Amino acid sequence: MTETILAKRYGDYREFAVSPAISGAVRCVWMHRAPDSPPTARVAVVPDGCVDLLWTEGGFLLAGPDRVAAYPRLRSGQVILGLRLRPGIARSLLRCDLDQLTGTVVALGDILPGSFGAQHDRMLALGDPLQRLKHLQAAFAMEMRDLPAVRPNVAALHALSARLPADAIALEMGLTERTLRRLSTAEFGYGPKTLSRILRFQTLLGRMAHRENTLAGLAADSGFADQAHMNRDVLALTSLTPGEILRQMRG
């Protein structure tokens, strides 16, 4: 059986501080370089509730929100640059409901025709990846001049989904469960139950990265009912067990 490895543990993955000019819309700036040797493992990009603007030497792309892990095919030595958009900002920025992008990677021009048209050649002309990353942020600020703010109801949905079930979120926000589902699907690409599952998983990853704890303790700290609940959710989302993820993150 082919080994599966977390994308952030494959090759050289780095995150950088975001330029103040775009920090209201962008959560993080990142660069990922695949190893020069041919891949021997399946690379898993796990769901995080976000949309990413990507640049490769082939052009600009949008990676929509994922329900489960995606397994991109990376070429040896390939470099990918990315801007991870803040949760809840992408629908306003891209002017489309995010369920149209769920589980897909599409050309940016298919969603925003004409945007970033001249920027690709400028990126190619810069040989250094860090220079390209700096220009990518400047290009984003220039092309997206009127950056929207996350709407209060969307921010509330995201915050509540990290700790409450869907019926409690609807009650807290004064919405019917049907209206809540429509809002969540349009803004995040899936319903509130899936959003809660993904955010709980992301909480778990944060605990794994920064705390020494048993798997049972991690399950309790991350909002799972018990360790069995954590095992089911993580395996369904990533095809990896929590133990396998923990070993990779601390290896």
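This is a predicted model: local features need pLDDT of at least 70, side-chain atom pairs count only at pLDDT 80 or more; totals for chains, interfaces and linings use all residues.
Local features need pLDDT of at least 70 and side-chain atom pairs pLDDT 80 or more, while totals for chains, interfaces and linings use all residues. Residues are numbered from 1 along each chain as its sequence is written, and side-chain values use heavy atoms, leaving out hydrogens and water.

**View 1. Cysteines without a disulfide.** A disulfide is taken as a pair of cysteine sulfur atoms within 2.5 Å. The count by this rule is zero. For Cys28, the closest cysteine sulfur belongs to Cys50, 8.2 Å away, which is too far for a bond. Cys96 is in no disulfide either. The cysteine sulfur nearest to that of Cys96 is again in Cys50, at 16 Å. Buried means under 20% relative accessible area, exposed over 50%, and partly exposed in between (1.4 Å probe, protein chains only). Cys28 is buried at 7%. Cys96 is buried at 11%.

**View 2. The buried residues of helix α5.** Helices (H or I, at least four residues) and strands (E, at least two) are DSSP runs, numbered from the N terminus. Helix α5 covers residues 152-161. Its buried residues are Val154, Leu157, His158, Leu160 and Ser161. They pack against strand β3 (26-33) and against helices α6 (166-173), α7 (177-188) and α8 (192-210). Contact means heavy atoms within 4.5 Å.

**View 3. Ser222 in a loop.** Ser222 sits in the loop between α9 (215-221) and α10 (227-238). Ser222 is buried, with a relative accessible area of 5%. Leaving aside residues up to four places away in sequence, Ser222 touches Arg200, Thr203, Leu204 and Arg207.
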